[in-house]
Amino acid sequence: MIKKLAYALASTALAITPLLTAAPAQAAPPQVISLAEGISALPLAAEARDGYQRTSFKHWVDADHNTCDTREEVLVAESRTPAEIGTGCKVLSGSWFSYYDGVTVTAPGGLDIDHMVPLAEAWDSGASQWNAARRQAYANDLGAERSLVAVTAKTNRSKSDQDPAEWLPPLADARCTYLSDWVSTKLRWGLTVDRSEQDALLKLAEGCGYAEVEFEPAPEASAGQ
């Protein structure tokens, strides 16, 4: 909802129907806990990649049928200046801050939309047991600010499918934010951690002071979604 609202505000200039036309129903407030508590709340389980295919997660869909797929929605929401949008909701320009490496990008072609917890890692951590609708909802999660993030293609491809035991943002000042985003995403989706990941998270969190995680459990996805 966060990113959909940002798109709705930007799209009025293009005479696209706003996404929010009525007051939303009252939702439960997000849970806010310390980073250490969040790590401890993640279930511990061994990982298994058996059967994983990237195509198991249908992504970059136009879930609300407003002509903008998930990638374009994220680009509009995260641009620090009003994004220029062309035909078919193609984002042409804007200004994006890639927090992994502290780089500002003005051409959307230089950006990837990173799944905070990569699709393969999600599969390893519990998504292999989900149905197709829930995997699609995960891969296109616009309801949480940090589930999807626009970053430089270079850093996203360096990260690949690695967890924080194996990869951290090259910008040191970004790492505590990254850990909080990682943990909040796993909590939101009920994903597990393996032992090496848990150990790395706990050790890294020691240097993050009073960092917190904020999350809401993901809604259940219907089979027709």
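This is a predicted model: local features need pLDDT of at least 70, side-chain atom pairs count only at pLDDT 80 or more; totals for chains, interfaces and linings use all residues.

Student: At what angle do the axes of helix 7 and helix 8 cross?

Tutor: Helix 7 spans residues 175–189 and helix 8 spans residues 195–205. Their axes come within 11 Å of each other. The crossing is left-handed. The axes cross at roughly 135°.

Student: Which residues of helix 8 make the contact with helix 7?

Tutor: On the side of helix 7, the contact is made by Leu179, Trp182, Val183 and Lys186. The residues of this contact divide into six nonpolar, no polar and two charged. Those contributed by helix 8 are Glu197, Leu201, Leu204 and Ala205.

Student: Within what arc do the buried residues of helix 8 fall?

Tutor: The buried residues of helix 8 are Glu197, Gln198, Ala200, Leu201 and Ala205. Seen down the axis of helix 8, they line one face of the helix, because they fall within an arc of 165°.

Student: Is Leu187 buried or exposed?

Tutor: Leu187 has its place in helix 7. Not counting residues up to four places away in sequence, Leu187 touches Ile33, Gly38, Ala41, Leu42, Val213 and Phe215. Its relative accessible area is 15%, and buried means under 20%. Leu187 is therefore buried.

Student: What distance separates the C-alpha atoms of Leu187 and Glu214?

Tutor: Leu187 and Glu214 are 27 residues apart along the chain. Their C-alpha atoms are separated by 9.2 Å.

Student: How many of the eight residues of helix 5 are buried?

Tutor: Helix 5 covers residues 132–139. Its buried residues are Ala133, Arg134, Arg135, Gln136, Ala137, Tyr138 and Ala139, and they pack against strand 6 (111–115), helix 4, strand 7 (148–152) and helix 7. Helix 5 is largely enclosed by the rest of the structure, because its buried residues number seven of the eight.

Student: What percentage of the residues in the protein is buried?

Tutor: The protein has eight helices and eight strands. Of its contacts with a separation of 6 or more, 72% are between residues 24 or more positions apart. Among the 225 residues in the protein, the buried share is 46%.

Notes
Residues are numbered from 1 along each chain as its sequence is written. Side-chain values use heavy atoms; hydrogens and water are left out. Axes are lines fitted to C-alpha atoms, for helices over the stretch in contact, and angles run from 0 to 180 degrees between N-to-C directions. Helices (H or I, at least four residues) and strands (E, at least two) are DSSP runs, numbered from the N terminus. A crossing is left-handed if the near helix is turned anticlockwise from the far one by less than a right angle, and right-handed if clockwise. Contact means heavy atoms within 4.5 Å. Ala, Val, Leu, Ile, Met, Phe, Trp, Tyr, Cys and Pro count as nonpolar, Asp, Glu, Lys and Arg as charged, and the others, Gly among them, as polar. Buried means under 20% relative accessible area, exposed over 50%, partly exposed in between (1.4 Å probe, protein chains only). The arc is that of the directions from the helix axis to the C-beta atoms.
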